[in-house]
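Please look through the sequence and the model shown below before reading on. The report that follows takes up the sheet, the helices packed on it and the nonpolar cores.

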Amino acid sequence: MKPRSIVVLTGAGISAESGVPTFRGPDGLWEGHRVEDVATPEAFFRNPDRVHAFYDARRARLAEVEPNAAHKALGMLDARWPGDLLIVTQNVDDLHERGGARRLLHMHGRLKSARCLACDARLDWEGPLAHRPPCPACGAAGRLRPDIVWFGEMPYDMDRIDRALARADLFVAIGTSGQVYPAAGFVEDARAAGAYCIELNLEPSDVSFRFHECRLGRASELVPALVDELVA
Ligand code: BV8
């Protein structure tokens with residue numbers, strides 16, 4: 001396999017071995033919350049304190065986790081791959097960046113970013129938002145929200161993603177359950193464009209049937225092995 005243009009899609013499973021909880025744990029709750037209570041615009045406008053507390057806690061926890069071998073393998077692929085490469089992550093953690101990825105985009109936003117409801121600026125943000133700090137760009141007080149794409153909101157960079165999928169000849173999905181769209185539909189676009197599609201996951205996803213190849217196992221083992229195949 002000697003592809004020229006690669007698109008990689010990652011989900012919560014690539015960060016699981018770093019200690020970042022995935023969305024669909026056994027109890028279906030997500031860190032003790034129902035998704036619709038914390039990851040929708042309605043939830044935010046109905047109870048901003050609860051949503052800020054949820055994201056402030058997750059942002060603070062980033063300091064306690066490290067990129068794992070899977071993040072680092074993708075960072076090495078990025079450094080060495082001479083052709084096109086785009087890593088599209090659904091994750092909002094910063095582990096891909098810390099693992100060395102550069103040709104990377106966060107289609108569902110980032111914990112370490114805030115967005116101003118007054119001026120729409122998107123700003124790198126490290127600390128909490130619950131105390132309603134003013135916007136550094138426009139000064140508006142209490143108008144900053146987590147820069148996260150919630151359910152019902154349009155993911156970021158869809159045009160760039162669609163262009164990359166249209167020219168991909170290899171599509172790899174890593175650690176995603178294939179339950180959330182439009183990300184879960186990317187394999188169909190890639191396959192229609194003629195890409196060879198590989199899924200790496202601990203267990204079959206909702207869209208495994210759409211892939212040419214499904215490799216079952218932990219990302220920290222499967223991703224370095226695949227990257228070794230690609231750069232060999
Ligand atoms: C949109 C940010 C509209 C939040 C997230 C009915 C049918 C189809 C679609 C819809 C529908 N009703 C509503 C929709 C649309 C909706 C949707 O798809 N809903 C689903 C639930 C049905 N989608 C949206 O709302 C999206 N927006 O559609 O916009 C629109 C269109 C045009 C114009 C305007 C508007 C926005 C979705 C984004 C929501 N935000 N995240 C936050 O993080 O705080 S979603 C969140 O869950 C993640 O970002 C991720 O995208 C998603 C899925 O999570 P996964 O990453 O897959 O993680 P999960 O826990 O599910 O699975 C983990 C996997 O890892 C498992 O497979 C497991 O086996 C594996 N694993 C575990 N450990 C390991 C491992 N693999 C390897 N190694 C391991 N060690």
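How many bridges join E8 to E9? There are 4 bridges between E8 and E9, and the two strands run parallel; helices (H or I, at least four residues) and strands (E, at least two) are DSSP runs, numbered from the N terminus, and two strands pair if DSSP finds at least two bridges between them. Residues are numbered from 1 along each chain as its sequence is written, and side-chain values use heavy atoms, with hydrogens and water left out. This is a predicted model, in which local features need pLDDT of at least 70 and side-chain atom pairs count only at pLDDT 80 or more, while totals for chains, interfaces and linings use all residues.

E8 and E9 belong to an open sheet of 6 strands in the order E3-E2-E1-E7-E8-E9, with parallel pairing. Strand E3 (104-106) and E9 stand at the edges with a single partner strand each, so one side of each has no neighbour in the sheet. On average, and with direction ignored, neighbouring strands of this sheet are turned by 15° against each other. Within E9, Glu213 is the residue that stands opposite Ile198.

| Helix | Strands touched | Angle between directions |
|---|---|---|
| H7 (residues 158-167) | E1, E2, E3 and E7 | about 130° with E2 |
| H9 | E1, E7, E8 and E9 | about 150° with E8 |

A nonpolar core is a set of buried Ala, Val, Leu, Ile, Met, Phe, Trp, Tyr and Cys residues joined through side-chain atoms within 4.5 Å. In the largest nonpolar core, which has 23 residues, Val8, Leu74, Ile174, Leu200 and Val223 touch the most other members. Among the elements that each supply at least two residues of this core are strand E1 (5-10), helix H5 (69-80) and helix H9 (219-231), and H9 gives the most, with 6 residues. When neighbours within four places in sequence are left aside, Val223 is in contact with Ala70, Ala73, Leu74, Ile174 and Leu200. Another core, of 21 residues, lies apart from it and has Leu86, Phe171, Phe186 and Val207 among its members.

Technical notes: Buried means under 20% relative accessible area, exposed over 50%, partly exposed in between (1.4 Å probe, protein chains only). Contact means heavy atoms within 4.5 Å. Axes are lines fitted to C-alpha atoms, for helices over the stretch in contact, and angles run from 0 to 180 degrees between N-to-C directions.
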